[in-house]
Amino acid sequence: QQHAINSILEVDNSHYNTLRCFGSRLFNPLYTQRQHEIMDDDNEQTYVKLVSAEGTEIFLEKRIALQVDTMRAMLEGNFRESEESVIRFPDISDSALEKVVRYLHYKDRHASSTARIPEFPIEPEEALELLVAASFLNC
């Protein structure tokens, strides 16, 4: 059964952080019509596409992805991921990958905070799957 293609744009601090696209192909006017906005002035990719086990595509700022050891190795090494700026996670579900991306934004936002950092919410039923994902990603 073919799913309708939907996209959700999360806006944080007046810039685009995460773009989620459902479906077998990317369909998003932000990406297709304004692809130059996804690149910086030096024509470098500023976003990395993460693909979950179910095929959900999540765009993450490259500077945030590079903070994760496993992603950094893939993006800076001599791998297909470094050429395509696409990282596939065949063993990480949609929900777990989305939660990991939310955590990476949370971690980045609070990295230089001197105040007490609020707790990052994790539901008990998510814990085991997130532990496995975090262990693989080393984050």
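Is Arg63 buried, exposed or partly exposed? At 44% relative accessibility, Arg63 counts as partly exposed, where buried means under 20% relative accessible area, exposed means over 50%, and partly exposed is anything in between (1.4 Å probe, protein chains only). The structure here is a predicted model, in which local features need pLDDT of at least 70 and side-chain atom pairs count only at pLDDT 80 or more, while totals for chains, interfaces and linings use all residues. Residues are numbered from 1 along each chain as its sequence is written, and side-chain values use heavy atoms, with hydrogens and water left out.

First, the overall layout. The protein chain has 6 helices and 5 strands, and these are DSSP runs numbered from the N terminus (helices: H or I, at least four residues; strands: E, at least two). Read from the N terminus, the elements go β-β-α-β-β-α-α-α-β-α-α. Of the 139 residues in the chain, 36% count as buried. If a contact is taken as heavy atoms within 4.5 Å, then residues 24 or more positions apart make up 52% of the contacts with a separation of 6 or more. The accessible surface of the chain comes to about 8900 Å², and 48% of that belongs to carbon and sulfur atoms; such areas come from the Shrake-Rupley method with a 1.4 Å probe, and for residues only the protein chains shown count as cover.

Now for the inside. A nonpolar core is a set of buried Ala, Val, Leu, Ile, Met, Phe, Trp, Tyr and Cys residues joined through side-chain atoms within 4.5 Å. The largest one has 21 residues, and those with the most contacts inside it are Leu50, Leu60, Met71, Ile87, Phe89 and Leu104. At least two residues of this core come from each of strand 3 (47-51), strand 4 (57-61), helix 2, helix 3 (69-76), helix 5 and helix 6. Helix 5 gives the largest share, with 5 residues. As for Phe89, leaving aside residues up to four places away in sequence, its partners are Leu50, Val51, Ser52, Ala53, Met71, Leu97, Phe136 and Leu137.

Charged pairs come next. Side chains of opposite charge can pair when their charged atoms come close. Counting a salt bridge as a side-chain nitrogen of Lys or Arg within 4 Å of a carboxyl oxygen of Asp or Glu, a search of the whole structure turns up 8 of them. In one, Asp108 pairs with Arg63, and the closest N and O atoms are 2.9 Å apart. Asp108 sits in helix 5 (residues 94-109) and Arg63 in helix 2 (residues 62-65), so the pair ties together parts that are 45 residues apart in sequence. Asp108 is partly exposed, at 22% relative accessible area. Glu61 joins in too: Glu61, Arg63 and Asp108 are linked in a network of salt bridges.

Another bridge links Lys99 and Glu126, at 3.7 Å from N to O. Lys99 belongs to helix 5 and Glu126 to helix 6 (residues 124-137), so this pair ties together parts 27 residues apart in sequence. Lys99 counts as buried at 15% relative accessibility, whereas Glu126, at 24%, counts as partly exposed.

Finally, the surface. Leu128, Leu131 and Val132 form a nonpolar patch there, with about 340 Å² of accessible area together. Patches are made of residues with over 30% relative accessible area and no salt bridge, with like charges joined within 9 Å and nonpolar side chains (Val, Leu, Ile, Met, Phe, Trp, Tyr) within 5 Å. Leu128 is found in helix 6, and at 63% relative accessibility Leu128 counts as exposed.
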